[in-house]
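Here is a friendly walk through one structure, written for someone who likes cut-offs next to the values. Please have the viewer open as you read.

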Amino acid sequence: MEGKEGTERVHIFDTTLRDGEQSPGISLSVEEKVEIAQQLGRLKVDVIEAGFPITSEGDFESVSRIASEVRGPIITGLARVHEADIVRAWEAVQWSERPRIHTFVGTSDLHIEHQMRSNKEDIVKMAREAVGHAKSLSPDVEFSPMDATRTDIGFLSEVVAAAVEAGADVVNIADTVGYTTPVEFAAFLRDLKERVPELAERTLSVHCHDDLGLAVANSLAGVTAGARQIEVAVNGIGERAGNASLEEVVMALATREDFYGVEVGTETRQLSNTSRLISNVTGYDVPPNKAIVGRNAFAHESGIHQDGVLKDRRTFEIMKPEDIGLDSNNIFLGKHSGRHALSDALAELGYHLEGEPLKRAFERFKEIADHKKSVTAADLEAIAADEVGAFEGKYVLESFRVVAATGRQSRAAVTISHADHGTFEAEAEGDGPVDSVFRAVDAATGVKGRLTDFRIDAVTGGKDALGEVRVTVEFDGAEYSGRGLSQDVVDAAARAYVRAANVYATGKKLSADWAASTP
Ligand code: KIV
Ligand code: ZN
């Protein structure tokens, strides 16, 4: 594997758009996913897992678009061992210069019996056939035994040997439920390598979940045992407690190259931007004390620490803020700044808006700059995140008005246009202005949503701060999230609600319980 002067390279496989997107309440639009993937390209990850194409039209579309538009990283799509999944994954990733199919099957007794309702013999057969089929379509195939760390090592070796024989280029050992521990995991991987010597010719990968808070430690232990691909998600988002956090794994390997003896190709100066982009778009906040990208990760509170850092920063710092690109936070634009200045500032922050979205972002920037003394990086990021994908939806909120309010009751009127079906006006009563606007949107679109979460935040401090509303809305039994930004809270709420309706309308999730189907 490549590297400088014989140093081996560890490949960073980013699954923010697949496992990360499986976090409760996250539902990204196609446009948002493409923007994130472009940023992952600038971050120079080695592999982008862009989605799970069989699960919905929306996932299929976003994986296909990412495969055709994002250059540099390998683009992969997930597939169960079903023939239809593999074909669908290939149809989506085939547009990439470097396509990969990633297929997986549960291998632990619990998964075989209860999830797959199958037996060991059939699982080996399914793995072999799926990899063989994927390999007949794609030059690059990854195979994951799911729940590998709770699988009997003898049986795991059998499945892995079958997958390697069928042509798997990468074998990814998944700690699906975050059960293993670092010393145990390293020993497990070494044992597997001994039992399946052919693995030496393939890339060994690890995929660790954080249920016990050990995902990063386990991934790094994997590296000491020979793993040369690590699967991670930005800010550690993912199923339940999440995946190993990309920024922590990358900075641990980069900072402690002396210990791990491997290199990563990641552009670490893009880490801070990427983390904020993901947090803005998903609505998942980053805890202030989170390693690497938390607000306090480079802050020194105690006098002794401050004094030491002033004398020589190495006394209490092992990384520099600029290593992760924190210096790009100091952006301020005034009301006389032009569209180019805005576009440059946004690019510095990791958002590359063009055409109509840039025009809209500029209008909103001007509106805000008229009311605020200076527009900060946080304001700009909030506007940009709001504009990403704003045009892909079929529904556009043209206007809304609260027409009457008596006590707690309000009546609102909205005008919504639909790209294919014209303009609809509707009025509705509700419990206060926000509820009445939501009901009027339901009446205008004809799709009834049930609000399951509503959050409001100020983007920056001060009376003139922008208000950001995040909603989670249930349509047809599945949850969709939306985000709206405005100096008027009802406006922000209405935008967020229409956004969620748009994600639903573009077919983000299949309501059918596809996952429950047996192979
Ligand atoms: O956690 C897991 O097992 C997965 C597999 C699909 C790799 O996400
Ligand atoms: Zn996972």
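Phe362 and Phe365 sit three residues apart in helix 14 (residues 355–371), so about one helical turn separates them. Helices here are DSSP runs of H or I with at least four residues, strands are runs of E with at least two, and both are numbered from the N terminus. Both Phe362 and Phe365 are buried, where buried means under 20% relative accessible area, exposed means over 50%, and partly exposed lies in between (1.4 Å probe, protein chains only).

Before going further, a word on the source: this is a predicted model, in which local features need pLDDT of at least 70 and side-chain atom pairs count only at pLDDT 80 or more, while totals for chains, interfaces and linings use all residues. Residues are numbered from 1 along each chain as its sequence is written, chains are lettered from A and ligands numbered from 1 in the order in which they are written, and side-chain values use heavy atoms, with hydrogens and water left out.

**Aromatic pairs**

How many aromatic pairs does a search of the whole structure find? The search finds nine. Rings of Phe, Tyr and Trp (its six-membered ring) pair if their centres lie within 6.5 Å; planes under 30 degrees apart count as stacked, over 60 as edge-to-face and the rest as tilted. Two of these pairs are set out here.

| Pair | Centre to centre | Angle of planes | Class |
|---|---|---|---|
| Phe362 and Phe365 | 6.0 Å | 35° | tilted |
| Tyr480 and Tyr504 | 5.4 Å | 70° | edge-to-face |

The tyrosine pair links distant parts of the chain, with Tyr480 in strand 18 (residues 478–486) and Tyr504 in helix 17 (residues 489–505), 24 residues apart. Tyr480 is buried, at 2% relative accessibility. Ring pairs also join Tyr480 and Tyr504 with Phe438, Phe454, Phe475 and Tyr497 into a cluster.

Which residues coordinate the zinc ion (ligand 2)? They are Asp19 through OD, and His207 and His209 through NE2, at 2.0 to 2.1 Å. Donors are N, O and S atoms within 2.8 Å of the metal (3.2 Å for Na, K and Ca), and because water is not among the atoms, sites may look incomplete. The donor spacing in sequence is D-x187-H-x1-H. Asp19 belongs to the loop between strand 2 (11–14) and helix 1 (30–42), and His209 to the loop between strand 8 (203–208) and helix 8 (215–224), so this pair ties together parts that are 190 residues apart in sequence. Asp19 is buried at 3% relative accessible area, and His209 is buried at 3% as well.

Polar side-chain atoms of His207 and His209 lie 3.1 Å and 3.0 Å from an oxygen atom of ligand 1, and an N or O atom in the side chain of Asp19 is 3.0 Å from one; a polar contact is a pair of N or O atoms within 3.5 Å. The protein covers 95% of the 260 Å² of accessible area that ligand 1 has on its own, by the Shrake-Rupley method with a 1.4 Å probe. Strand 6 (141–146) and strand 7 (170–175) are the elements that give two or more residues to the shell around ligand 1.

Arg18 is among the residues that surround ligand 1, where near means a heavy atom within 4 Å. Arg18 is in the loop between strand 2 and helix 1 and is buried, with a relative accessible area of 9%.

Definitions and conventions
Polar contact = N/O pair within 3.5 Å; in protein donor to acceptor, adjacent residues only side chain to side chain.
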